[in-house]
Number of protein chains: 2
Amino acid sequence: MFEKSISNAVRNRLPKYYRYVGELLDDGIEKVSSSELSVRMNISASLVRQDLCMFSGAGLQGYGYDVEDLYEKIGDAIGVNQCHNVIVIGAGNLGQALVSYMNFARNSFAVKGIFAVNSRLVGHVFKRMELRSLDNLEQFMKENPIQIAALAVPDKSAERIAGRLQKAGIKAIWNFTNTDLNLPKGIVVENVHLAESLMQLSSRMNISA
Amino acid sequence: MFEKSISNAVRNRLPKYYRYVGELLDDGIEKVSSSELSVRMNISASLVRQDLCMFSGAGLQGYGYDVEDLYEKIGDAIGVNQCHNVIVIGAGNLGQALVSYMNFARNSFAVKGIFAVNSRLVGHVFKRMELRSLDNLEQFMKENPIQIAALAVPDKSAERIAGRLQKAGIKAIWNFTNTDLNLPKGIVVENVHLAESLMQLSSRMNISA
């Protein structure tokens, strides 16, 4: 129980490490110490050492971490060094933004299809991809190995479409709707609740005003 | 100290209450009990009663909450019943998605201007608004009372533009860049780190696989 919660906590911090170490790599920095990382990430150096001890060989006492090696190893751990096939459901501004966004992501996420909820958009072309009809979702997933679906559809359609994705064998949903999806535990759901984020912001403004 | 952390915890939950109570309102439901809310939100009924006790009068023992009244009161508390003037900085797909997104938000957020970082986009029209040049940011903020800036620009420009917004008197930044902004405490920063969210997702897939 204790060990599991620790590893969850570490796991939750890994993407942040990955981002910072990636910045160092971009800046051409080759070595970094746990105390430098700790300042950058605003956590204690001992926690950094603890978090990263699983990447054995990456850090040596008094020497620091090899940035490239550490970046590679954290990338392996969080699964971004393998390519995931993605579909985006919803072809409005948000869906289009997500397609553009994932194209950036250092080849870890390949958008294989975009599905439009609004049938008038079907057949249009975005980023050299034809917007597909939702009617063909199951057929498409049968013919293409898709692991992740980004869901950017109206809230009222979210649950129904998630159910179809589940039956078609999706592994993970990046959920941008304001709906909490009820799915079996085996399916990973990562929520980005934009409306709630916006309310957090106005709420905090309201209090600090 | 203890009391402050409690109120922060409650404050963090209020947007979620607001969303659920809003759904009840949309469904035409007039009364709701703390136990019904607790089931819906997957937290204990006693916590619901505790969280909502500040909205005195909204709940009566054995009677439940008046949905409309509760929605209004939570809305007041999180500041969404007043209108905030917003500018969106960055006119790519994500910036455009955010403009569309805020137009939905029940009149709480009014997008007053969109600024393009890419100068080739300046002068184009989106949602009946001309895309403005970043050169005119300070002038625009002098002439228009703007409280919130949504920041959807390349990471490398984030810090510099945030500094300009700060000097121009911004109250809050909805930050979609992958940069942690260093700003004085008086300015509210709400982060939506899409890249990190995507990595959390792939990381959790990697573990559950």
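**The interface and beyond**

Guide: Start with the contact between the chains. Chain A and chain B bury about 5000 Å² between them, with 60% of it on carbon and sulfur atoms. Buried area here is the accessible area (1.4 Å probe) that two parts lose on being put together, summed over both.

Visitor: What are the ground rules?

Guide: This is a predicted model, where local features need pLDDT of at least 70, side-chain atom pairs count only at pLDDT 80 or more, and totals for chains, interfaces and linings use all residues. Residues are numbered from 1 along each chain as its sequence is written, chains are lettered from A and ligands numbered from 1 in the order in which they are written, and side-chain values use heavy atoms, leaving out hydrogens and water.

Visitor: How many residues does the contact take from each chain?

Guide: It takes 57 residues from chain A and 56 residues from chain B. Contact means heavy atoms within 4.5 Å.

Visitor: What rotation superposes chain A on chain B?

Guide: A rotation of 180°, with 0.0 Å of shift along its axis and an RMSD of 0.0 Å. That is the relation of a two-fold axis. The same surface serves both copies: 98% of the contact residues of chain A recur in chain B. The superposition is by least squares on the C-alpha atoms of residues with pLDDT of at least 70 in both.

Visitor: How many salt bridges across the interface?

Guide: The rule finds 8 between chain A and chain B. It asks for a side-chain nitrogen of Lys or Arg within 4 Å of a carboxyl oxygen of Asp or Glu. E196(B) and K16(A) form a salt bridge at 3.7 Å, N to O.

Visitor: New topic. Is D51(A) buried or exposed?

Guide: D51(A) is buried, at 2% relative accessibility. Buried means under 20% relative accessible area, exposed over 50%, partly exposed in between (1.4 Å probe, protein chains only).

Visitor: Where is D51(A), and what is it in contact with?

Guide: D51(A) sits in helix 3 (residues 45-52) of chain A. Helices (H or I, at least four residues) and strands (E, at least two) are DSSP runs, numbered from the N terminus. Leaving aside neighbours within four places in sequence, D51(A) is in contact with V10(A), R13(A), Y17(A) and I43(A).
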